[in-house]
Amino acid sequence: MRLRPGMTARGGLLRSAAFRLAMLQALLFALIALMLFLVSWLAARHYIENQLRQAIADEAGEMASVPADHRAAAVQRALSQVPRNPFDYSVFDRHGALMVGDLLKQPRAGWSVIEQHKAGTGDTQRILVFANALDDGSMMVVGRDLESVEALDSLLKQVFSWAGLAAVVLALAGGMVTAGGYLRRVEAIAGAASRIVAGDLDARVAVTGRNDEFDRLAFALNGMLERIQMLVEGLRQVSNDIAHDLRTPLTHMRQRLEAAMDEATSVESYGKACERALADVDSVLETFAALLRIARIEARQRRAGFSQVHLSRLLEALVDDYQPLLEGEGRRFIVEIASGVRVHGDALLLTQMFANLLENALHHTPPGASVALKLHAKPQGCQVVIEDTGPGIPAAERARVLKRFVRLDAARSTPGTGLGLALVAAVADLHNIVLKLGDAEPGLRVQLDFVEQPDM
Amino acid sequence: MKILLVEDDADTRSYVSAGLQARGHSVDESGDGNDGLLRATQHDYDVIVLDRMLPARDGMSVLRNLRSCGTHAKVLMLTALGDVDARIEGMEAGADDYLGKPFALNELIARLNAISRRGAHTHTLTCLRIGDMELDLILQRVHRGERQIHLHPREWDLLKFLALHADEVVTRAMLLEHVWGYQSSPHTNLVDTHVCRLRGKIERDFLGPRMLRTIRGEGYMLSAKRD
């Protein structure tokens with residue numbers, strides 16, 4: 001399986017979901033800018049036009065209050081003022097003819113906008129006018145150039161266009177940067193996945209330390225990878241172990257059978273050879289069964305099929321079983337079991353775990369040694385300690401002996417598969433028991449801490 | 001005993017069949033599930049040895065069919081899946097015993113003997129007598145002659161199991177399973193040690209014959225008969 005290259009290459013930016021989101025964001029920004037512009041433009045225009053009308057209306061009122069025979073003179077005076085006031089004036093007679101003023105055409109009464117050529121230039125100017133019919137039948141027109149309004153208008157349009165463009169560009173750029181950031185982190189995850197697909201099981205997704213969603217995803221993925229790696233390593237380990245450790249007894253068996261064929265001379269010697277071969281086969285089968293058992297325990301879902309186990313009673317029964325074996329060879333068996341201790345677990349597996357530890361003590365201590373089994377209740381759970389005064393395990397080897405098929409040189413001469421402690425470790429792991437091998441000074445101290453689970 | 005052997009592997013089938021016939025049992029053979037089921041319903045067998053993985057119809061299905069049509073033959077299941085879960089599943093479906101492959105022929109025969117006699121005993125009995133030894137199953141007491149023998153609970157369980165199968169060979173694996181409840185046996189000397197202690201209690205100080213015998217390569221037998 002290969003991941004699609006397009007998804008990981010830089011060119012993938014334009015096709016990424018994050019980029020599409022950035023585009024959408026930019027469009028939204030543009031719309032918002034447009035709306036803002038429309039609202040402020042209309043408001044500003046409205047305000048300025050009102051101001052203009054107010055000024056014109058005031059001026060027209062003032063002019064209208066001038067007595068009829070002085071009006072032409074007043075208009076004339078106003079028009080010749082230097083500097084000119086911003087207003088335009090005209091007076092038309094009752095027939096509509098211009099008597100005086102610079103507004104050439106008579107508008108209809110009331111507010112209107114007229115267009116006329118600017119004196120001296122070819123430009124058309126738009127003028128807002130108020131025409132006021134007077135008592136003598138003439139019409140007084142006062143107006144003001146709309147240039148300032150239109151200048152403001154175009155300024156606003158320009159400013160908003162640039163601002164809108166800037167907003168869109170910024171939104172797009174921001175989106176691209178965000179998208180790029182996300183893409184890089186997705187790419188990091190995809191990259192790690194590709195490396196794992198290519199066979200590098202040590203690959204992990206980088207964690208930035210920002211503790212965001214991506215970090216949580218990375219943690220979850222890394223946790224998953226850790227578990228998968230452990231299982232795969234376990235499988236690899238088992239295959240190697242089988243290859244190495246089952247080959248040896250099978251080789252021995254083959255040699256013995258061959259030797260029997262060559263050298264056996266009587267029915268009795270054949271019988272002996274067959275018996276030894278059978279013993280070899282049985283030991284291979286036992287190893288095989290133990291391996292399968294460990295593999296099955298390791299593959300089991302944590303805490304599936306667990307129930308309340310009366311640990312005190314379970315240990316007492318084991319003590320009854322092992323006391324004769326241990327004391328039979330002159331060992332001292334010291335037992336301290338707190339009563340009424342219960343744990344959550346699989347009784348069969350727990351029995352097997354403790355039995356393995358007691359068997360270990362039995363096989364690896366000389367006659368006359370002491371073996372102790374203690375169960376203490378703790379505020380959080382309970383603790384089982386199994387100690388002996390045998391040779392113990394050197395500190396450097398303690399982690400190693402929990403693996404499959406590890407047998408210390410001192411133990412090679414005694415029978416055993418080298419799987420006992422591996423099974424103990426597997427059962428302990430399944431039950432979340434903290435397993436510690438220590439020094440009993442002298443001897444081995446195995447400490448098992450049952451930690452109560454909050455979900456129980 | 002009249003035995004039906006349903007097993008698809010021809011080598012295993014002929015080996016087991018020959019072994020059983022050599023011990024005086026009559027054996028019918030079948031190589032697949034459908035044929036096995038047909039034979040089992042047509043004839044009256046004491047024991048059916050049923051492989052779990054069979055062509056045409058698997059062993060579990062054969063077993064369920066047999067039990068649902070009320071066959072009372074005892075069933076011993078054979079399987080390569082010797083683990084506890086498979087065993088529990090088989091027992092719940094109505095198997096009387098369960099044996100993981102590969103197995104020793106002696107182990108199979110001992111188990112067939114044990115299940116074929118089961119049911120004739122146990123439920124109704126209140127007292128077992130082997131020679132001059134008497135087990136009171138209700139009060140859980142043992143007497144030999146006039147004297148009471150004091151036993152630990154585990155020793156009582158052990159003696160009771162041996163007494164229920166008196167004059168039959170009982171293997172170490174059977175004892176581990178039925179007396180101790182263990183499904184696997186890294187427990188090397190456990191059975192031997194306890195049998196040895198039990199033997200001390202029931203034989204030492206008594207003038208009668210040896211009763212708890214070790215059958216080399218097979219297991220133990222409780223018997224009052226002289227060799």
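# Chat on chains A and B of a predicted model

Biologist: Starting with chain B, how many bridges join E11(B) to strand E12 (residues 219-222)?

Modeller: There are 4, and the two strands run antiparallel. Keep in mind that this is a predicted model.

Biologist: Which residue stands opposite B:Leu222 in E12(B)?

Modeller: That residue is B:Leu212.

Biologist: What packs on that sheet?

Modeller: Helix H8(B) does, touching E11 and E12 of chain B. The direction of H8(B) makes about 145° with that of E11(B).

Biologist: And what is the strand order in the open sheet of 3 strands in chain B?

Modeller: The order is E10-E12-E11, with antiparallel pairing. Strand E10 (170-171) and strand E11 (212-215) stand at the edges. Each has a single partner strand, so one side of each is left without a neighbour in the sheet.

Biologist: Back to H8(B). At what angle do the axes of H7 of chain A and H8 of chain B cross?

Modeller: Helix H7 (residues 311-328) of chain A and helix H8 (residues 190-203) of chain B cross at roughly 85°. Their axes come within 9 Å. That makes H7(A) roughly perpendicular to H8(B).

Biologist: Which residues meet there, in H7(A) and H8(B)?

Modeller: From H7(A), they are A:Asp321, A:Pro324, A:Leu325 and A:Gly328. From H8(B), they are B:Leu190, B:Thr193, B:His194 and B:Arg197.

Biologist: How do the residues of that contact divide into nonpolar, polar and charged?

Modeller: The contact of H7(A) with H8(B) has 3 nonpolar, 3 polar and 2 charged residues.

Biologist: Other sheet now. In what order do the 4 strands of the open sheet in chain B come?

Modeller: They come as E6-E7-E8-E9, with antiparallel pairing. The edge strands are E6 (127-130) and E9 (147-149), and each pairs on one side only. The twist averages 25° from one strand to the next.

Biologist: Let's zoom in on E7 and E8. How many bridges do they share?

Modeller: Strand E7 (residues 133-136) of chain B pairs with E8(B) over 4 bridges, in the antiparallel sense. Within that pair, B:Asp136 stands opposite B:Arg141.

Biologist: Where is B:Arg141 placed, and what is it in contact with beyond its sequence neighbours within four places?

Modeller: B:Arg141 is in strand E8 (residues 141-144). Leaving those neighbours aside, B:Arg141 is in contact with B:Asp136 and B:Gln148.

Biologist: How far apart are B:Arg141 and B:Trp156 in space?

Modeller: They are 8.3 Å apart, C-alpha to C-alpha. In sequence they are 15 residues apart.

Biologist: Why does B:Arg141 count as partly exposed?

Modeller: Because it has 14 other C-beta atoms within 10 Å.

Biologist: What about B:Gln140, buried or exposed?

Modeller: B:Gln140 counts as exposed, with 12 C-beta neighbours inside 10 Å. Its place is in the loop between E7 and E8 of chain B. Phi of B:Gln140 is near 55°, a positive value in a residue other than glycine.

Biologist: Over to chain A. What is phi of A:Glu441 near?

Modeller: Phi of A:Glu441 is near 50°, a positive value in a residue other than glycine. A:Glu441 lies in the loop between E11 and E12 of chain A. It is exposed, with 9 other C-beta atoms within 10 Å. The peptide bond from A:Glu441 to A:Pro442 is cis, with omega near -5°.

Biologist: In chain B, what is the peptide bond from B:Lys101 to B:Pro102?

Modeller: That bond is cis, with omega near -5°. B:Pro102 lies in the loop between strand E5 (97-100) and helix H5 (105-117) of chain B.

Biologist: New topic, helix H2 of chain A. What span should its 48 residues have?

Modeller: At 1.5 Å a residue, H2 (residues 17-64) should span 70 Å. Its end C-alpha atoms are 70 Å apart, which agrees.

Biologist: Which residues of H2(A) are buried, and what covers them?

Modeller: The buried ones are A:Phe19, A:Ala22, A:Ala26, A:Phe29, A:Ile56, A:Ala60 and A:Met63. The cover includes helix H3 (71-80) and helix H4 (147-197) of chain A. Strands E1 (87-92), E4 (124-133) and E5 (139-145) of chain A are also included.

Biologist: Last one. How many helices and strands does chain A have?

Modeller: Chain A has 9 helices and 12 strands. Of its 456 residues, 22% count as buried. Among contacts in chain A between residues at least 6 apart in sequence, 64% join residues at least 24 apart.

Note on methods. Residues are numbered from 1 along each chain as its sequence is written. Chains are lettered from A and ligands numbered from 1 in the order in which they are written. This is a predicted model: local features need pLDDT of at least 70, side-chain atom pairs count only at pLDDT 80 or more; totals for chains, interfaces and linings use all residues. A residue is buried if 20 or more other C-beta atoms lie within 10 Å of its own, exposed if 12 or fewer, and partly exposed in between; C-beta atoms are placed from the backbone. Two residues are in contact if their C-beta atoms, placed from the backbone, lie within 7 Å. Axes are lines fitted to C-alpha atoms, for helices over the stretch in contact, and angles run from 0 to 180 degrees between N-to-C directions. Angles under 35 degrees count as roughly parallel, over 145 as roughly antiparallel, 65 to 115 as roughly perpendicular and the rest as oblique. Ala, Val, Leu, Ile, Met, Phe, Trp, Tyr, Cys and Pro count as nonpolar, Asp, Glu, Lys and Arg as charged, and the others, Gly among them, as polar. The expected span of a helix is 1.5 Å times one less than its number of residues. Two strands pair if DSSP finds at least two bridges between them.
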